[in-house]
Structures are given as structure tokens and as C-alpha cells.
Amino acid sequence: MGAAILSDLLTEILIPVAAFVGIAFALVQWVLVSKVKLSPEGPDSASSNDNNGYTEHLIEEEEGLNDHSVVVKCADIQSAISEGATSFLFTEYQYVGLFMVAFAVLIFLFLGSVESFSTKEQPCTYSKYKTCKPALFNAIFSTVAFLLGAVTSVVSGFLGMKIATFANARTTLEARKGVGKAFITAFRSGAVMGFLLAANGLLVLFISINLFKLYYGDDWEGLFEAITGYGLGGSSMALFGRVGGGIYTKAADVGADLVGKVERNIPEDDPRNPAVIADNVGDNVGDIAGMGSDLFGSYAESSCAALVVASISSFGVDHDFTGMCYPLLISSMGIAVCLITTLFATDIFEIKAINEIEPALKKQLIISTALMTVGIAIVTWLALPPSFTIFNFGTQKEVKNWELFFCVATGLWAGLVIGFITEYFTSNAYSPVQDVADSCRTGAATNVIFGLALGYKSVIIPILAIAVSIFVSFNLAAMYGIAVAALGMLSTIATGLAIDAYGPISDNAGGIAEMAGMSNRIRERTDALDAAGNTTAAIGKGFAIGSAALVSLALFGAFVSRAAISTVDVLTPKVFIGLLIGAMLPYWFSAMTMKSVGSAALKMVEEVRRQFNTIPGLMEGTTKPDYATCVKISTDASIKEMIPPGALVMLTPLIVGTFLGVETLSGVLAGSLVSGVQIAISASNTGGAWDNAKKYIEAGATEHAKSLGPKGSDPHKAAVIGDTIGDPLKDTSGPSLNILIKLMAVESLVFAPFFAAHGGLLFKIF
């Protein structure tokens, strides 16, 4: 079959080098962002910073913005947001840490009991004539991998939050010098998070594989089965981060908007609003920390799914380490490609006008996808032999290396299609969102109807793109093809995360500008950054959902193989009842998360109303509101309310697999995948469209928009109501659903040995 050009030794060097380059690039971007000082500087110090310092100082004077008190206010507000976010995450991680330890014990007990905690070697699952490592040690290493994934996920989320809160006020201050400067600061900060997460995820996974190899040796099957715990740890932490953070941010957002904008007719992020600090804290704990953990989980799971299938294909049989590391080499190339792509945004193309922001972000997607296509071709040519075999449900399918290139490229380009369709349905530059805004003329009811219709319609093309990707990938390289297609979609994760994190940073920057009393001109710039950020956040969610569908299917295939299920026949009662239960779960999960946001928002609205009614001088701006009480309401609600949805997702595979067996569990996984993807896309896009319809009216950039405004008009109030309904859809339920479908799949794969040996207790009794 031939050999690969790239040697195993070179592979061992290139992967960690790529990870360290990613970390180094992130640190360089962080240093550049930190050069924006959060302390007042006079003309002398400003001019001594660099050659352009004096010029920039003059620009500030011309705009009347060289006000030292504004800089101090920005620093104080940033400090309050950072402290609130850090405090919440530490509280959340204490609860999540207890769960992590308890679930790690469960993994050990379940997997260890497969062979009664035996220390004897056992026949391999896929090669019965060979012996593999004992079940007890598989349980130990799976538990360790789970803990590693969980810790990496938590660290990814926490680092993202710290970077975002470090950058928000700096973006605000740079907006005094022009929209281009502010854009670069926000984007560089997003890049710090993107590259740190991509590089850390790759590095920890690679080090884990090499450490596990010291024990497993050439038992690739056992090694990569244990490594799947890494993906489970990553996604389980992401679930709690997304749900907890989503409840926090949307409770504050809905409370602030309903009372502040609709009832009191004050601007968004007005410092008189008691919920304004909680709202800005929420952007960081939900949209940044939760999203970082989420995309890390997707990356870890797609890598694990591909590695599991590779280990039982000719790569594992022939001990071709480079071939098995093909998924990691794709991710390594992704870091290099994203590094070049980022330079286009920060150093090559300069943004000079507000209308150039969104095209610049779109160029990031196009450039990274085009360069990555070439990168995939290079990696495929160097790392894979001309032909090899891939495990395909009990048989070995012969595959050419160029076929695997098409699998990865199909996933990559399907991601771009999903991104652009998402942009079309959520950006106020296009007719769908403008139609939603226009429907506000007749009140909130028609706005809601139009928004829901938009969300349902927006599902069509992404689903077709995912379907084409699945069909092409499976026909070319079976389930391994689908796993690497998912990896292709996530290969530009550093750029995707940079674009995604840019949104909440810009949102916070706008809030800080309003609270610090900066001029309307500055607020217009930050609003423009934020509006583009809303669209890119929706694009990021589209990528996450699309990749989750492919990852879940790849994990589902690995689970079916590991559980020794010959076929999943929907006509058998066991499977069909599983399909029904699985399709119902995303609705149950969404109901829980939506109601949690509603309950918390109810308390928030009551508290904000109470403060406006009882604190003298609050509306006049002579008295400060009690921000701390609102922060506490969001914190308490999110910690309490994140547990039931999390328990639903984590316990369902365990209960179904143990009591109803692997056939029913396969039905549950298929049902939740098919149902969950549709609801997730619809919910995210509906919420994004409502948000940007509101911003379209507020900006008043066209004659049509002006006819619906200004702020405080009846159409604007109807748009605000639509936005508040969409908040939990796009930032809590929608993004959490993609974690549901992939987490249940990876959990089923990790526990598959136990389910195959001891599952289906009810059917055995009756």
C-alpha cells in the first residue's frame, strides 16, 4: 500500500511545534493589546509612546475626547465587570468540580466492572486473536482522560473570560481614535483566545497520547478507546458552562431591556439601570467562557472519534503513527493557516469606515477556508500512504489518500456555506432581518411571527449542506470520513473563535462607552462593531452546530461498532422507542433552559423595577443603583438552574443504556441528533435576527430604518420585546443543544463496554 512521506519522528516534532507557535502568537497579540493603557496619559506621555502618539493625541483633542476622567471611569467599569465574571466562574467551577469528581468515580466503576475489575489481559474487541490491556486499566486511563479534558475545558473558558474582560475597556478607549483601531484591539483579543484554545487543546491531547503510550505500547485500540474520555470531559464541562453562563447573561439582559428600554425609555447600557453590570458580566461568562468550552469540546470529540476509527484501521494494524495522527496534523496545519489569516485582519487590510467591519470579518472566513484547503492537500500528501484501509462496521474499506482530502475539504466548505447562510438570515444588511424589522410597525406579535418563520426557513440550506457532507464523506471513507469532515469544519477553529469572541468584546466596549458617558460618536463606532459581532456570533454558533452534527454521527458510528450492534433497524420496537425518546429530549432540555431564563428574568425585572421606584434620584442620575443585588440574582439563578438540564443530558445515556440496552440507546442518539440540530439552528438564527432587527431600527442607517425609529418609538419597543424573547433562544437553549447531541454520543461511546456487557436489564428481566 506504500508508505507516507512524513516520518513518525517528524510527526512527533511538528505537532507540538505547531501548538507552541499558536501559544506564542497568542501571547504576541496579548502584548499588543496590553499596549493600550487603562490609565490617564498627558500629551508628553502620549507622544512618547510611538511616532504617531502626538498625532493621535491631536485627534483626541479635535474630538474633545482627551478627558482623563473618562479613562478612569472605563478602568473602574472594566474592573467591576472582570470581578463579577471571575467571582461567578469560581462559584460555578466549585459546583462543577464536585460533579467532575463524582462522574470520574462513575466512569471508573462502570468500566472497571466490565471484567469484574480484572487485571488480566483480555481479547481485543475488534481482533479476537490478539490480547489487549485489562479492563481495570482501561477504566483508570479513561478516568484520567476525562479529568484532563474537563480541566482543559474549564481552563479554556476561564482564560477566554480573562482575555475578554482585559480587552473590553481598551477597545472602548481605542474607539476614540477611530473604528479601525477599536476593531484591531477587539479582534486581536479574540485571536488570543482562539489561538490559546486551539493550541492548548492540541498540545494536551498530544501529550496525553504519548503518556498513555508508555503503558499501552502498540495496543492502539485500547489507547484511543481510553482517550475518548478526553472528549467526554471537555463537553461535560462545556454543557454546564453554556447553560449556567447562558442563564446568567440572559436573565440580566432581559431584565435590563424590559424595564430600562421599554418601561423607562432609557438607552441600552445606561448606568442608571441596576442590571447593566450583570448584563455585561453575562456577556463574558456565557458568550465567551461557555462558547470557548463548547468549541474545545467539539474539537476534542472530533479528534477522538477519528482516532478511535484510525486505531482499528490499517493505521493501527500496521502501527503507522503518522497515519493515526492525521487528525492532529490537520489541526496543526489549521493553526498555521489561521495565523496567516489573522494578519490579514490586523496588519494587511486596514479598516477605515464602519461599513468595512462586516466584510473584513467575512474575508477572515473566506481566506482561512481557501488557505486551509491547500493546507489539507499538503498534509494529506505528506502524512498518508497512497492507499490504506478504514474500518467500516466489521469490514475494512480500501481508501485512497485523495479521497480523505475530499472528506476533510467537504466538511471545511460545508462550514463556510453554513456560515454564509447564517449571516444572510441574521445580518441586518439583508432582506430577511429587514422584513422582521418592518413587521414591528404593527407591534410585537407580528415581529414574533416573522422571526419564528425566519428561523424555521434558515434551517433548510445548512441541513442540506450537512447532508451532502455526510453523503460524500461516508461514501469515500466510511465513518472515519465523517469524523475528519467534522475536523475539517473545525480546522480553522482559531479564526472562528477570534471572530466569535470579537462580538462580546465589542458589546462590552459599547456598554462601557455608554456607562462612562462618552460621546455619541464613540457609541456609534462601538455599536457598529457590536452589530457586526452579533452576526459573527451567529456564524460561530452555526459552525458549532454543524460540526456537532458531524461529530455526533461519527461518535454514533464508533458507539455502534464498539457495542457490537450489527444494524440499527428502526422497525424494531427497541430502536423505535429510542428514536421517539431521543427526538423528545431537545424539547425537554429547551423547555428547562427557557423556563430557567424566564424565572431568573422575572426576579431581575422585579428587582430593577423596585430600585427605580424606591431609590430617590436614580432616574435623575444623582444616585447610584445597587448593581450587586442584580449580580447576585443572576449568579444564584444560574448556579441553581444549570443542574437539572445538565443532569438530564448526563444521566439519559446511563439510564437508557443500563436498563433498555444498546439498541434503544442507539435510537435515542439518532433521534436526539436529528431533532436537536434542527431546533438548535432555528433557535440561534431566530434570536440573532430579532437582535439585529432591533439594532437596525436603532442605527437608523437607511430611510427605511429611520421610518421605524427612533429609539423609544412603538416599532422600536416591539423590536426590543422580540429581542428579549430571542435572547434565551440564541444564547442559552440554541447553543446548548449542540452540546447535548455530541455529549450524549461521546458518553455512550465511553460507557459502551459496560452497556454491551451488562446493559438492557429490563429486557433481560421481562
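Hi everyone, let's start with helix α1, where the buried residues are T11, I15, P16, A18, A19, G22, I23, F25, A26, Q29, V33 and S34. Before I go on, please keep in mind that this is a predicted model.

Look at the spacing in that list. An α-helix has 3.6 residues a turn, so residues three or four places apart point the same way. What covers the buried residues of α1? The cover includes α5 (135-174), α6, α10 (321-324) and α11 (326-348).

Now let's go to the inside of the protein. How many residues does the largest nonpolar core have? It has 231 residues, and F183, Y326, I357, Y480 and F559 have the most contacts inside it. Helix α6, residues 179-216, gives the largest share of this core, with 20 residues. Apart from that core lies another one of 19 residues, and F425, A437, W690 and I697 are among them.

Let me stay with Y480 for a moment. At 0% relative accessibility, Y480 counts as buried, since the cut-off is under 20%. Leaving out neighbours within four places in sequence, Y480 is in contact with A306, V309, A310, F315, G323, Y326, P327, I390 and L404.

One of those contacts, F315, brings us to the aromatic rings. The model has 30 aromatic pairs. F315 and Y480 make a tilted pair, with 6.3 Å from centre to centre and 55 degrees between the planes. Why does this pair tie together parts that are apart in sequence? F315 sits in helix α9 (residues 314-317) and Y480 in helix α16 (residues 460-490), so the pair links parts that are 165 residues apart in sequence. F315 is buried too, with a relative accessible area of 1%.

Another pair is Y424 with F425, and this one is edge-to-face: the centres are 5.2 Å apart and the planes are at 80 degrees. Are its two members buried or partly exposed? Y424 is partly exposed at 34% relative accessibility, whereas F425 is buried at 9%.

There is also an aromatic cluster to find on your screens: F99, F103, F110, F146, F240, F751, F754 and F755 form one. The charged end of R170 sits over the ring of F166, 3.8 Å from its centre. In the case of K574, the charged end sits over the ring of F763, at 4.8 Å from the centre.

Next, a loop residue. S427 is found between α13 (401-426) and α14 (431-438). Although S427 is in a loop, it counts as buried, at 0% relative accessibility. Not counting residues up to four places away in sequence, S427 touches E358, V433, T535 and N692.

What about the cysteines? The count of disulfides comes to 0. For C338, the nearest cysteine sulfur is that of C325, and it is 20 Å away. A disulfide would need the two sulfur atoms within 2.5 Å, so C338 is in no disulfide. C338 is buried, with a relative accessible area of 0%, and C440 is buried as well, at 1%.

Now for some backbone angles. Most residues other than glycine have a negative phi, and most peptide bonds are trans. Which way does phi go in F117? Phi of F117 is positive, near 55 degrees. F117 lies in the loop between α4 (68-112) and β1 (122-123), and it is partly exposed, with a relative accessible area of 36%. Phi of A478 is also positive and near 55 degrees. A478, though, has its place in helix α16 and is buried, with a relative accessible area of 0%.

My last stop is A145, in helix α5. A145 counts as buried, at 3% relative accessibility. Which residues does A145 touch, not counting those up to four places away in sequence? They are F212, A226, I227, G229 and Y230. A145 and I577 are 432 residues apart in sequence, and their C-alpha atoms are 33 Å apart in space.

Notes
Residues are numbered from 1 along each chain as its sequence is written. This is a predicted model: local features need pLDDT of at least 70, side-chain atom pairs count only at pLDDT 80 or more; totals for chains, interfaces and linings use all residues. Side-chain values use heavy atoms; hydrogens and water are left out. A nonpolar core is a set of buried Ala, Val, Leu, Ile, Met, Phe, Trp, Tyr and Cys residues joined through side-chain atoms within 4.5 Å. Buried means under 20% relative accessible area, exposed over 50%, partly exposed in between (1.4 Å probe, protein chains only). Helices (H or I, at least four residues) and strands (E, at least two) are DSSP runs, numbered from the N terminus. Contact means heavy atoms within 4.5 Å. Rings of Phe, Tyr and Trp (its six-membered ring) pair if their centres lie within 6.5 Å; planes under 30 degrees apart count as stacked, over 60 as edge-to-face and the rest as tilted. A charge sits over a ring if NZ of Lys or CZ of Arg is within 6 Å of the ring centre and within 35 degrees of the ring normal.
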